[in-house]
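Reader: I'd like to learn how to read the sheets and the ligand site in a model like this one. Could you walk me through it?

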Amino acid sequence: MKPNTIIDGAAASDGEKQVVAGRHRSTRSHHVTRGWAGPGKLEGITPVTFFVDVYLLTRRLLMRMPHQPDLIVYSIVQPAIFTLAMVYLFGKAIALPGGADYTDFVIAGLLAQTVVMGAASATSGGIAFELSQKTIDRLRTLPLSRLSILAGCTNAGVIRAFITVFVTTVCGLVAGWRAQAGLGNALLAFVILLLFGLAMSWVGALIGVSVSNPEVAAGAGTVWLFPVMYLSNALTPVSAMPGWLQPVAGWNPLSAVTTACRQLFGNPTAFGVENIWPADHPILASVSWSLAIMLVTVPLTVWKFVRRTSR
Amino acid sequence: MDNGIYTENLTKKYGAVYGLHGLNLQVSAGTVLGLLGPNGAGKTTTVNILTTLLKPDGGSAWVGGFNVARHPLQVRRRIGVSGQETAVEPLLTGAENLELFGRLHRLSRRHARGRAQELLDTFDLTAAAGRLARTYSGGMRRRLDLAISLIKRPSILFLDEPTTGLDPRSRTATWDLIRELVGSGVTLLLTTQYLEEADQLADLIAVVDQGRLIAEGTVEELKTRTSDDRIEIVLRDHELLPLAATILDRFATSEAVVTRSERRIAVMAPHKPGLLTQVLREMDAAAIELEDVELRRPTLDDVFFTLTGRPMDVKAQHEMATVE
Ligand SMILES: Nc1ncnc2c1ncn2[C@@H]1O[C@H](COP(=O)(O)OP(=O)(O)OP(=O)(O)O)[C@@H](O)[C@H]1O
Ligand SMILES: [Mg+2]
């Protein structure tokens, strides 16, 4: 009885009629609704159900936050201390070309850096933790795409990072920093930060699915951040670096995002490197970098996640 | 729609170790298969492959008419799963857990909420509905996990050791619930180490050992697989265990299982009148004093023992290994 009760994958997707237990099965009953990406694999998942799933899976992680007050306190205290230290301790020591005010200069850099660090470390740790838990197996038995499970984690990471963005902004305002190019431009700057945060969150996700456990993720999720942060114009002007490092810092995505924000906030840019495309088109460069990073990390993360969990 | 489960020559290797070694199973729609086997037999591996969590290395499997490797989403849409380890969100309340998984199963918010209330009630969790699952006891978490697996009213259900960690009252309640579900036409694959559970719930039992199917049938059929009786003796003096074992060996159809700590020896022996009297006479002649003697008809434990030459009970297995 077995062979003819089975719908073989190939036969079903050819839409052939099959005889089941002596009856003709209507073509409709196994003519699967094709998904919007990839043959056969995403049956029944439409853009609408995908976004609903991502929303629910993001909310799943955010609903934990009220029960982790220590985490919230940490995400408020850490950026506050960092911002105030930069502005009041180092601000006087760093001379900017053209004598611009350091506070005006550094806030955009701190915002960009905060988004990188917050999103990447929150997501790498978050995913590594998820993988060590059993709930992920339950999610994997639900009719969801693997991508939506991961997207829930990366979204939650970005949202956590934006708590620190908010705190940094408030501290900046307290210290006298102002966005001087209008509300529209300021909002656009935050959109660019959001997009970049999402890209960094996917980098974190890739690290999270690649390491063996949450403890490793805590380290691996942050080590690569330091060169990225210090080889940029986020906290110091590029012109202060040795000549051979200047192009590296110039092409660093973080420099592009920082410069874009400075431009949109009407703050001093003081990029300091001549004739580099990202310095001349920081907004376009930021968006391009973010999309390019996701173009690589998203499929790679999904692939690693599937390979890792189904063996 | 065919809600059965079929596997054909299913094989899974973990490195060099076989988790499954050519497993053939068949669960007809609306029936309950009890997958029975000792630790490491391959029960969880089977469930994980059938629920699309693991990729098999060989063979194929169909659930609800769909090949699990080719149409995982179609399979997932039809199944409910409660794994061996509970998988609930610790930082959500019981009610929030049910609602979340209901909505991820594409129930509307209202429908998910209503269904959550129903299941909280069924599983005796209403009083704890608003508490974080983190604060639940092991048994409560197990019940919440079972409830979650039913949120969408699946037509095919997989339960991996569903009553492990439940107290006797919850266990009986869960059995009743499972019977009710099966009455409503659900196909169920249930793994268990409790023979009683398989006996209570399953229409058919598949005994697996080392990744292979070693016997299949109704409880009654399996019991007739061995016509032998089981003889157990308890000695007064554990020094005499080896001697007593050699004597029993002469009557036995199986190797003697010696449980040293209890000074107990068990064997299978032909169902023959006068056999026990003869055993006792020989023990007496060898000056072996007995504290207890038992002769009984075979249980599923004995069936497992006859089939594999090893006791099903893990503790007994361990004891046997230390005696050798
Ligand atoms: N992730 C893994 N890596 C390596 N070996 C594994 C893995 N999972 C299972 N195994 C091995 O595969 C075999 C079958 O394991 P499985 O978990 O399916 O057994 P089980 O019947 O569910 O046992 P239990 O009653 O203890 O739950 C065992 O020998 C086990 O050691
Ligand atoms: Mg198991």
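**Reading the sheets and the ligand site**

Author: In chain B, 4 strands make an open sheet in the order E12-E13-E11-E14, with antiparallel pairing. Strands E12 (257–259) and E14 (290–296) of chain B are at the edges with a single partner strand each, so one side of each has no neighbour in the sheet. From one strand to the next, the twist averages 15 degrees.

Reader: What should I keep in mind about the model and the numbering?

Author: This is a predicted model, where local features need pLDDT of at least 70 and side-chain atom pairs count only at pLDDT 80 or more, while totals for chains, interfaces and linings use all residues. Residues are numbered from 1 along each chain as its sequence is written, chains are lettered from A and ligands numbered from 1 in the order in which they are written, and side-chain values use heavy atoms, with hydrogens and water left out.

Reader: How are strands, helices and pairing defined?

Author: Helices (H or I, at least four residues) and strands (E, at least two) are DSSP runs numbered from the N terminus. Two strands pair if DSSP finds at least two bridges between them. Here, E12(B) is joined by 3 bridges to strand E13 (residues 264–269) of chain B, and the two run antiparallel. B:Thr259 has B:Arg264 as its bridge partner in E13(B).

Reader: Which strands does helix H9 of chain B lie across?

Author: Axes are lines fitted to C-alpha atoms, for helices over the stretch in contact, and angles run from 0 to 180 degrees between N-to-C directions. Helix H9 (residues 241–249) of chain B lies across E11 (229–235), E12 and E13 of chain B, at about 5 degrees to E13(B). Helix H11 (residues 300–308) of chain B also packs on the sheet, touching E11, E12, E13 and E14 of chain B, and its direction makes about 75 degrees with that of E13(B).

Reader: Where is there a hairpin, and how many residues lie between its strands?

Author: Look at E1(B) and E2(B), which form a hairpin with 2 residues between them. In its turn, B:Gly15 has a positive phi of about 60 degrees. Strands E1 (residues 5–14) and E2 (residues 17–27) of chain B run antiparallel and are joined by 8 bridges; B:Thr7 has B:Leu25 in E2(B) as its bridge partner.

Reader: What is the strand order in the open sheet of 6 strands?

Author: That order is E6-E7-E8-E3-E9-E10 in chain B, and the pairing is mixed. E6 (79–82) and E10 (212–217) of chain B are the edge strands, each pairing on one side only. E6(B) pairs in the parallel sense with strand E7 (residues 156–160) of chain B over 4 bridges, and B:Gly80 stands opposite B:Leu157 in E7(B). Helix H5 (residues 138–149) of chain B packs on this sheet, touching E6 and E7 of chain B, with its direction at about 170 degrees to that of E6(B).

Reader: Which residues are closest to ligand 1?

Author: A residue is near a molecule if one of its heavy atoms lies within 4 Å of it. Ligand 1 is surrounded by 13 residues, the closest being B:Asn39, B:Gly40, B:Lys43, B:Thr44 and B:Thr45. Helix H1 (residues 43–50) of chain B gives the largest share of this shell, 3 residues.

Reader: How far is an oxygen atom of ligand 1 from the side chain of B:Lys43?

Author: An oxygen atom of ligand 1 lies 2.7 Å from an N or O atom in the B:Lys43 side chain. For B:Gly42, a polar backbone atom is 2.9 Å from an oxygen atom of ligand 1.

Methods:
Contact = heavy atoms within 4.5 Å. Polar contact = N/O pair within 3.5 Å; in protein donor to acceptor, adjacent residues only side chain to side chain.
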